[in-house]
Amino acid sequence: MSDESLFREVDEEVRQEQYKKLWDRYGNYFIALCLAVVASVAGAKGYQYYQKTQSEAAAVVYFDGMKKAAEGKPDDALKALAGVDHPGFRQLARMQEAIVLSEQGKTKEAVAAFDAVDDELRGLAADLNARDAQPNYLSAFRKNSRWFRSIFRRHPAGWGRRPMI
């Protein structure tokens, strides 16, 4: 056996011992991290499946109500549409309820139903606008920064090289 092969064998044993020490020290953390990743992915996929099944169930109830309204059974249609409990289909069902009520000749109730849908949608729009009205710090920096303004003063077209001074 040559010296080179002896050194190589000793190096391999030392490396294996170092890897074993590393695994003994951090192996449990690595396994815990892997389990956490798998559990979080499984949880996310499970929640997506739950949302999908809820949407499908609401769609079935909504289209059942639409079918009953088309068949000329307005009372059954109103009961079915009142049972829709999904956020996306809820507004559609309430508008369809108002349409069914107007077809029955109950205009006051239909107008009240349309007003309720309108109020709810206006509330959602106000929430979205309030979220958009949050302070935009980048635009404030752009307006109040001498450095930013100086770039556009030197180069009106926008960003570019600064002139060598």
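**Charges, patches and contacts**

Modeller: Arg90 is partly exposed, with a relative accessible area of 27%. The scale runs from buried (under 20% relative accessible area) through partly exposed to exposed (over 50%), using a 1.4 Å probe and protein chains only.

Biologist: Before going on, where do the coordinates come from, and what gets counted?

Modeller: The model is predicted, so local features need pLDDT of at least 70 and side-chain atom pairs count only at pLDDT 80 or more, while totals for chains, interfaces and linings use all residues. Residues are numbered from 1 along each chain as its sequence is written, and side-chain values use heavy atoms, with hydrogens and water left out.

Biologist: Back to Arg90. Which residue does its side chain meet in a salt bridge?

Modeller: Asp85, at 3.8 Å from N to O. A salt bridge here is a side-chain nitrogen of Lys or Arg within 4 Å of a carboxyl oxygen of Asp or Glu. Asp85 is exposed, with a relative accessible area of 62%.

Biologist: How many salt bridges does the structure hold?

Modeller: It holds 6. Another of them joins the side chains of Lys73 and Glu71, at 3.5 Å from N to O. Lys73 is partly exposed at 40% relative accessible area, and Glu71 is partly exposed at 45%.

Biologist: And Lys20 with Asp24: how far apart are N and O there?

Modeller: The N to O distance in that salt bridge is 3.3 Å. The two residues are 4 apart in helix 1, which means they are separated by about one helical turn. Both Lys20 and Asp24 are exposed.

Biologist: Zoom out. What does the secondary structure come to?

Modeller: The chain has 6 helices and 0 strands, in the order α-α-α-α-α-α along the sequence. Helices (H or I, at least four residues) and strands (E, at least two) are DSSP runs, numbered from the N terminus.

Biologist: What share of the chain is buried?

Modeller: Buried residues make up 16% of the 165 residues. The accessible surface is about 13,500 Å², and 59% of that belongs to carbon and sulfur atoms. Areas come from the Shrake-Rupley method with a 1.4 Å probe; for residues, only the protein chains shown count as cover.

Biologist: Give me a buried residue, then.

Modeller: Val117, in helix 4 (residues 107-132), is buried with a relative accessible area of 3%. Leaving aside neighbours within four places in sequence, Val117 is in contact with Arg94 and Met95. Val117 and Ala98 are 19 residues apart in sequence and 9.3 Å apart in space, C-alpha to C-alpha.

Biologist: What about Glu97: buried or exposed?

Modeller: Glu97 is buried yet has no salt bridge. The nearest side chain of opposite charge is that of Arg94, 5.7 Å away. For charges, Lys and Arg count as positive and Asp and Glu as negative; His and the chain ends are not counted. Glu97 sits in helix 3 (residues 87-104), and beyond four places in sequence it is in contact with Leu78, Leu81 and Ala82.

Biologist: Now the surface. Which residues gather in a patch of negative charge?

Modeller: Glu9, Asp11, Glu12, Glu13 and Glu17. Of these, Asp11 is in helix 1 (residues 3-70) and is partly exposed at 43% relative accessible area. Patches are made of residues with over 30% relative accessible area and no salt bridge: like charges are joined within 9 Å, nonpolar side chains (Val, Leu, Ile, Met, Phe, Trp, Tyr) within 5 Å. The place of a charge is NZ of Lys, CZ of Arg, CG of Asp or CD of Glu.

Biologist: Which residues form a nonpolar patch?

Modeller: Tyr19, Leu22, Tyr26 and Tyr29, with about 510 Å² of accessible area together. Tyr29 lies in helix 1 and is exposed at 60% relative accessible area.

Biologist: Last one. What is Lys68 in contact with?

Modeller: Lys73, Asp76 and Ala77, leaving aside neighbours within four places in sequence. Lys68 is in helix 1 and counts as partly exposed at 25% relative accessibility. Asp76 lies in helix 2 (residues 74-82) and is partly exposed at 34%.

Key
Contact means heavy atoms within 4.5 Å.
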